[in-house]
Amino acid sequence: MDAAFTEEQDEIRRTLRTLLRERCGPDEVKAAVQTAPGWDEALWRQLARTLGLPGLALPSAYGGVGCEVIELALACEETGRVLLPSPLLATAVFAAPLVAAVGTEAQRAELLPRIAEGALTAALAVPGSALPEALGLVGARDGAWAGGGRAGGVQARPDSGGGARWRLYGQVEQVLGGHSAELLLVAARAGGYTRGRTLLFLVPAGADGLVRTRLTALDATRPQTRIELRNVPAELLGADDGGSGSGDGVAEALAAVGTAAAAVLAAEAVGAADAALARTVDYVRAREQFGRPIGSFQAVKHRLADVYVAVQAARSAAYYAAWAASQGGAQGTDAAVAGGLALAQALEAQRMAAAEAVQLHGGIGFTWEHEAHLYFKRAASDELLFGPVHRLRARAAEREGLFGATDRPPYGDHRGRGGNDGPDKRARPDGRDGRDGRDGPRKAVTV
């Protein structure tokens, strides 16, 4: 890995930081989240026109800039620094790569150029709160997150009326940016309960039977939406195999998107943590108590030093994960493991920096007028949406093969059941079960 950034990468970060410093201060963020779309439409158009931000990681053949995951991660580090409310995450990180990976050539040619120029926003809708599981960040890739039959979720059936080829019925909670997205990518279960398969469908914002309700979210800079689908006409994303496929291609595409998204989300969390730390350092330098700045007290120095170390370690992990995703095309196990671990470390650093910001700002840190609560809410919301941290690390350990059939992770399966609480079904030939150091050797794991 080359740790030095290219001139182009430095220019992307420098230009974006300058623009956001001018257009996206705390007051502008609070005003933007109160608007109907939940973000500044004029700023979004400027970001698309000046930097090509929505199409930064899209191929140039479809109007994108043609960069890799690492450039997108650097851009999101800057947007995370100011907590930019925008459709960037939902459109460029989740939806657009799925269209590029799963869609037909006609669908790519129609949708991707519009996304790249900022004229089309999109959102990914998966049942329940299963986004991290659908992206392969936590849990097993067994498709249980998609529902089906009596398990709920969204059901898809071929349209027998001669209109749209498919009809969707169901409900999806916590869709990021779903209330304002002009295109929805809905994961639905087709083929019944026993022989079901998970597919992706394109649903335009004005489709008949589609009801969207903006929810009150902990982090207002990440708007969330409830989507109700009542016999909604939809177009299948990708080629129709006539029901012979198992949906494995969709699962693989979602996992690849999850690997890249983990690196991007980690970089975004690092940007937010770094900004919270910088604001706190500035405050403790200026705030005086007992005739001296509170930053001169050793206890305060130690707390901020711990935050600094955590942020720098998370930044290194995020950069490596982005580089691995760019080198491996977000397909390899190494990139997936690096992404999961980087996201876990970045979420911890973000939570730590935000908590210390609130504490060290004292009474002012709890007020609506101050921006400290924005960073605290972002940290808490991110861990709820993309974590929790211990499951991210456990999934990375599983990918590396650290847990065998007789050494199951303590958190159990993807539903939280099981774990190392039952008898070992495969005893060793010498009679030792290998469950602890007294009965036999066991692999020591530090994640």
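## Report on a predicted chain fold

Y319 has a relative accessible area of 14% and is buried. Buried stands for under 20% relative accessible area, exposed for over 50%, and partly exposed for values in between (1.4 Å probe, protein chains only). The structure is a predicted model, in which local features need pLDDT of at least 70 and side-chain atom pairs count only at pLDDT 80 or more, while totals for chains, interfaces and linings use all residues. Residues are numbered from 1 along each chain as its sequence is written, and side-chain values use heavy atoms, leaving out hydrogens and water.

### Aromatic rings and charges

A search of the whole structure gives 4 aromatic pairs. Rings of Phe, Tyr and Trp (its six-membered ring) pair if their centres lie within 6.5 Å; planes under 30 degrees apart count as stacked, over 60 as edge-to-face, and the rest as tilted. One of these pairs is F5 with Y319, edge-to-face at 5.1 Å centre to centre, with 85° between the planes. This pair links distant parts of the chain, since F5 is in the segment before α1 (7-23) and Y319 is in helix α9 (residues 298-328), 314 residues apart. Helices (H or I, at least four residues) and strands (E, at least two) are DSSP runs, numbered from the N terminus. F5 counts as partly exposed at 22% relative accessibility. The rings of W39 and W44 have centres 6.2 Å apart and planes at 65°, so this pair is edge-to-face too. Both W39 and W44 are buried.

Two charged ends also sit over rings. The criterion is that NZ of Lys or CZ of Arg is within 6 Å of the ring centre and within 35 degrees of the ring normal. K30 places its charged end over the ring of W368, 5.8 Å from the centre.

### Backbone details

Most residues other than glycine have a negative phi, and most peptide bonds are trans. L83 is not a glycine, yet its phi is positive, near 55°. L83 lies in the loop between α4 (69-81) and α5 (88-102). Q174, also not a glycine, has a positive phi of about 55° and lies in strand β3 (residues 166-176). A cis peptide bond, with omega about 5°, joins G387 and P388. P388 is in the loop between α11 (372-386) and α12 (389-399). After α12 comes G401, with a positive phi near 75°.

Two strands pair if DSSP finds at least two bridges between them. Strand β2 (residues 154-158) and β3 run antiparallel, joined by 5 bridges, and P158 has W166 of β3 as its bridge partner. β3 is also joined to strand β7 (residues 224-236) by 9 bridges, again antiparallel. There V175 stands opposite T225 of β7.

In α12 the buried residues are V389, R391, L392, A394, R395, A396 and A397. Their cover includes α10 (333-360) and α11. In the loop between α10 and α11 is I364. Apart from residues up to four places away in sequence, I364 touches Y283 and H370, where contact means heavy atoms within 4.5 Å.

### Accessibility and cysteines

The table lists some residues with their relative accessible area.

| Residue | Relative accessible area | Class |
|---|---|---|
| L83 | 1% | buried |
| C76 | 3% | buried |
| C24 | 6% | buried |
| Q174 | 33% | partly exposed |
| I364 | 37% | partly exposed |

A search of the whole structure finds 0 disulfides, a disulfide being a pair of cysteine sulfur atoms within 2.5 Å.

### Nonpolar cores

In soluble globular proteins, nonpolar side chains tend to be buried together. A nonpolar core is a set of buried Ala, Val, Leu, Ile, Met, Phe, Trp, Tyr and Cys residues joined through side-chain atoms within 4.5 Å. The largest one here has 88 residues, and those with the most contacts inside it are F94, L124, L185 and F386. Helix α8 (residues 248-286) gives the largest share of this core, 14 residues. Not counting residues up to four places away in sequence, F386 touches residues including L89, F94, L131, L265, L343 and L392. Another core, of 24 residues, lies apart from the largest one, and among its members are A123, A125, V175 and A234.
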